[in-house]
Amino acid sequence: MNNQYKFCCIIFLFFFSLSFKAVTIPFELIDGKIIVGVTIKNEPHHFIFDSGAFTIISSELKNKLNEKKSQIVFEGVDANSVKAKMDVFSTDLLQIGNQNLNNINFSFADISWMKARACRKISGIFGANMMKGKVWRIDFKTNTMTMSDQALEQAAGSVSVPFSEENFTGVPRIHASIRKQKIEFIFDTGSGMGITMNQKSYNAVKDDRFLTFEGLLSQSLNSTSKGERQVDVMDMEISGVNTGGQIIDSSPDASNLIGIRMIENYLVDLDFINKKIVLSAQVKTPEYPSFGVAFAPVNGHLVIVNKLKIPQLAGLHLADRIIKINSRDVSNMSDEAFCDIKNVLNNSETITIETDSHKTLTLEKKNVLQYLD
């Protein structure tokens, strides 16, 4: 190799290293939500990393972002298909991993209700439009993500899935097949479920073997939905590769979603430069650990808001008030106290509950998919 060629190679590598940026960002996974730190004017904030949404910032931060109002009016559709028109603003003050994200479009909204679920104040939704022009590698083993200006090295056997972007929001959509039905999905890191299918799509693939949950189905930006949903396990094929059994939920939502309960089984590259999603399997058998009931604070009381319809839980009903969990008095329940109860529920394999009618029942946390057998 002559000296001139060597010199050219050194210069190329020098400028390549200057142009290539990769930043590692820690995150928390709470109730199926990826929580990342975003800095605004040197102050830390918590945002939900949500590829299925447009960027939303808490109304409490209005007039604190040097925001500029645009002429655009964004008609948002939440997870329950409820529409709302929102003004669009832009700002240059958002940072993640000490990297500036410039000219970010967003809307203001009241998202104070998210605090109760995340057990911390949520200041915004880090939407797909904030992810454009970058590659985002999500590693659920280390609870870190890497933000890069270029595609990252891929593991052997990874699956590359092309996606299309929704106009304006940038939300990624992919195609997959379930039981020979080709279906379009939103790749949604903001959904805590597995594979969520609207009722029409679900009816096209369902059989007579499924579980049924009743109660609160979801809470979204502008609405809540209640009713019944079915849960099953079905094989999914993406880009010609069978991903194996995935947890499928029916939903009143108009969209079909691929959510965290599936995504967390992979090392994921969300490549908004080359418009593809790369999945590297971290083999894991699908599990749905649950006590069979879910609780939430409602008007100062702890109540059952969701229940699996099986004979073993026939003695419990939706809206039953819970006054004790493991002998702890929970008859008066604030959002803050509920966070302590959530820790108990997350870290316990059995709990004993008492209702306000003084019915006592011991519940065991199980992989409820076993009831499909």
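Analyst: Two strands are said to pair if DSSP finds at least two bridges between them. Strand β3 itself covers residues 43–49 and has the highest mean pLDDT among the elements of the protein, 98. Between β2 and β3 lies a hairpin with two residues between the strands, where K41 adopts a positive phi near 50 degrees. Within this part, T39 stands opposite P44 in β3.

β3 also pairs with strand β10 (residues 124–126), here in the parallel sense and over three bridges. In this pairing F49 stands opposite F126 in β10.

F49 also belongs to the largest nonpolar core, which has 58 residues; F49 is listed with V36, F126, W136, I178 and F185 as touching the most other members. Leaving aside residues up to four places away in sequence, F49 touches I34, V36, F126, M131, W136, I138, M145, T189, G190 and L270. Apart from this core lies another, of 28 residues, including F213, I304, F338 and L372.

As for confidence, the protein averages a pLDDT of 89, and 90% of the residues score at least 70. Helix α1 (residues 3–19) has the lowest mean pLDDT among the elements, 44. Over residues 5–19 the pLDDT is below 50, and this stretch has four contacts in the model beyond near neighbours in sequence. Residues 219–224 also stay under 50, with 22 contacts beyond four places in sequence. Where pLDDT is low, the predicted coordinates should not be read in detail.

Technical notes. Residues numbered from 1 in each chain as written. Predicted model: local features only at pLDDT ≥ 70, side-chain atom pairs only at ≥ 80, totals over all residues. Heavy atoms only, no water. pLDDT = per-residue confidence, 0-100. Helix = DSSP H or I, 4+ residues; strand = E, 2+ residues; numbered from the N terminus. Contact = heavy atoms within 4.5 Å. Core = buried A, V, L, I, M, F, W, Y, C linked by side-chain atoms within 4.5 Å. Buried < 20%, exposed > 50% of the residue type's maximum accessible area, 1.4 Å probe, protein only.
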